[in-house]
Amino acid sequence: MKVSSGSTTEAATRPRRSRGAASLVAAGIFLSRIAGFIREHYLARYFGSSDAADAFRIAFRIPNFLQNLFGEGVLAASFIPVYAGLLARQEEEEAGRVAGAVFALLALFTSVLTLAGILASPLLVAVLGYGFSGPKRELTILLVRILFPGAGLLVMSAWCLGVLNSHRRFFLSYSVSVLWNLAIITSLLWYGPHAAEQRLAVIVSWASVVGCGLQFGVQLPVVLQLARPLRIELATRLASVRTVMRNFGPVFVSRGVVQISSYIDSMLASPISGGVAMHGYVVNISTLPVSLFGMSVSASELPEMSSALGAEAEVASYLRKRLVSGLRRITFFVVPSVVAFIALGDLIIAAILKSGKFQAAQTEWAWGILAGSGIGLLASTQGRLYSSTFYALKDTRTPLRFAVIRIALTTVLGYICARHVPVWLGIDPKWGIAGLTASAGVSGWIEFLLLRSALARRIGSESIGFGYMARLWTAALASAGLAWAIKLSLHWSSSPKLLAIATLGPFGILYLLLADPTQTRELLARFTGGRASGKPPRP
């Protein structure tokens with residue numbers, strides 16, 4: 001992180017400001033998530049919590065480990081800091097060689113793993129969907145084999161995202177998954193009304209593969225234009241490539257551990273009819289604030305943090321200021337999300353999913369699962385920014401250690417909450433699915449505290465302020481009270497979407513007013529304008 005003042009130019013030592021970056025990421029994610037909610041609506045409408053829905057969820061999750069192991073999270077930690085650093089020092093030829101080498105390595109590994117996954121699909125389903133049997137198990141195996149190539153394409157799409165983000169082209173990389181969602185939605189609208197559930201699951205799986213190809217194909221021309229000169233070769237002897245590979249290892253293991261945790265959740269949910277599908281529906285909703293606010297801020301900050309050059313103390317001061325600014329932006333939007341999930345989750349679930357085979361009973365069940373996810377929501381979103389700060393320091397091992405601790409705790413607590421707590425309380429075993437999300441939230445808080453403590457020892461600490469947090473929570477709770485009053489007065493409404501608009505709209509408006517109008521304007525301006533806190537350090 002240190003450079004000599006006589007060895008670099010002023011342009012190379014000063015990282016570019018992330019003006020508008022967070023807003024571009026958020027806008028892209030928002031569009032993708034809106035498309036995702038529409039996708040989930042029609043999946044719920046035509047599949048409900050049926051065996052075909054369970055089969056599709058497990059089948060999608062199994063090959064998706066390729067994207068999670070080699071995809072955005074790993075490249076953000078290992079590739080972007082190195083590639084963005086080379087660009088900041090104007091070493092464009094070296095940057096092109098690094099990008100090409102990473103592409104070649106990813107293509108090689110994903111091709112091998114895709115073939116292996118297709119061949120081993122019966123074994124994978126036997127382990128991860130151990131609660132499945134008969135036609136349900138056979139359908140899952142077929143869907144896994146269809147979906148594996150699509151997951152490989154998503155890995156290459158994540159490589160495009162790494163290059164685009166390093167060049168500060170955020171919107172395309174985060175909005176392009178709209179195409180994937182549209183491919184699935186189109187198949188559901190065309191075949192859903194008349195196809196049997198099992199056949200529809202096969203059709204939707206093929207549509208997913210087509211969408212993955214579109215997602216990669218749209219980004220590739222822009223990447224080829226930016227990453228010049230791009231040399232695709234296995235240049236593993238290149239020092240910068242070795243740095244990427246060295247950083248890749250710990251993050252790869254970390255993502256692998258996270259994947260194991262998600263598979264354990266599916267295994268624990270699989271004996272409950274509809275449990276895997278219901279968990280999947282809710283996770284796609286509950287991760288919206290994490291993606292929209294946590295990811296948008298951390299993704300836009302990572303290239304800027306990685307490009308900071310100067311003396312160690314100057315870099316540390318700069319990182320602290322950016323960290324606190326990012327945390328305040330994240331917290332401002334996530335606190336009301338937590339309150340809404342817990343207090344108004346039934347309205348959210350009904351507005352998005354209630355239709356066809358997804359009715360009142362499923363809505364109530366999903367609300368309990370969504371409320372459980374609210375427990376760790378703030379920790380998860382803030383933790384992303386802390387991890388990005390470590391990645392900017394080219395330290396991928398510290399987040400790995402804490403991720404292992406979190407996953408171990410999630411596994412133990414999840415097993416207890418899913419299997420034993422419902423028995424102890426004498427309630428329906430299906431509520432154990434809510435225990436999975438709640439236990440993950442508790443573990444997320446422990447990981448967050450470990451990350452914060454370790455980073456404070458590394459660069460020093462600055463607090464976002466107890467008074468600031470208290471004001472946000474007070475505003476969110478008061479706004480929820482207003483929303484509940486409206487909800488009770490409009491209980492006669494037969495339209496879940498209209499009821500959600502009539503309650504959640506005033507909830508959001510009152511929160512913005514009570515949280516402090518001046519602070520609201522400032523934070524919204526920073527979020528939508530990406531105004532950075534503090535000046536970048538000079539050598």
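Modeller: Quick ground rule first: helices (H or I, at least four residues) and strands (E, at least two) are DSSP runs, numbered from the N terminus.

Colleague: Fine by me. How many helices and strands are in the protein?

Modeller: The protein has 24 helices and zero strands. This is a predicted model, where local features need pLDDT of at least 70, side-chain atom pairs count only at pLDDT 80 or more, and totals for chains, interfaces and linings use all residues. Residues are numbered from 1 along each chain as its sequence is written, and side-chain values use heavy atoms, with hydrogens and water left out.

Colleague: What share of the residues is buried?

Modeller: Of the 539 residues, 58% are buried, meaning under 20% relative accessible area (1.4 Å probe, protein chains only).

Colleague: Switching topic: how many cavities of 30 Å³ or more are there?

Modeller: Three. A cavity is a set of points on a 1 Å grid over the protein atoms alone where a 1.4 Å probe fits but cannot get out; grid points are joined across faces, edges and corners, and a volume is the space filled by probe spheres set on the points.

Colleague: What volume does the second largest cavity have, and which residues line it?

Modeller: About 40 Å³. Its lining residues, which have an atom within 4 Å of a point, include Phe 60, Pro 63, Leu 147 and Cys 212.

Colleague: Which elements give two or more residues to that lining?

Modeller: Helix H9 (134–166) and helix H12 (197–226) do. H9 gives the largest share, four residues.

How values were computed. Buried < 20%, exposed > 50% of the residue type's maximum accessible area, 1.4 Å probe, protein only. 1 Å grid on protein atoms, 1.4 Å probe; cavity = no way out; pocket = protein on both sides within 12 Å on 5 of 7 lines; lining within 4 Å.
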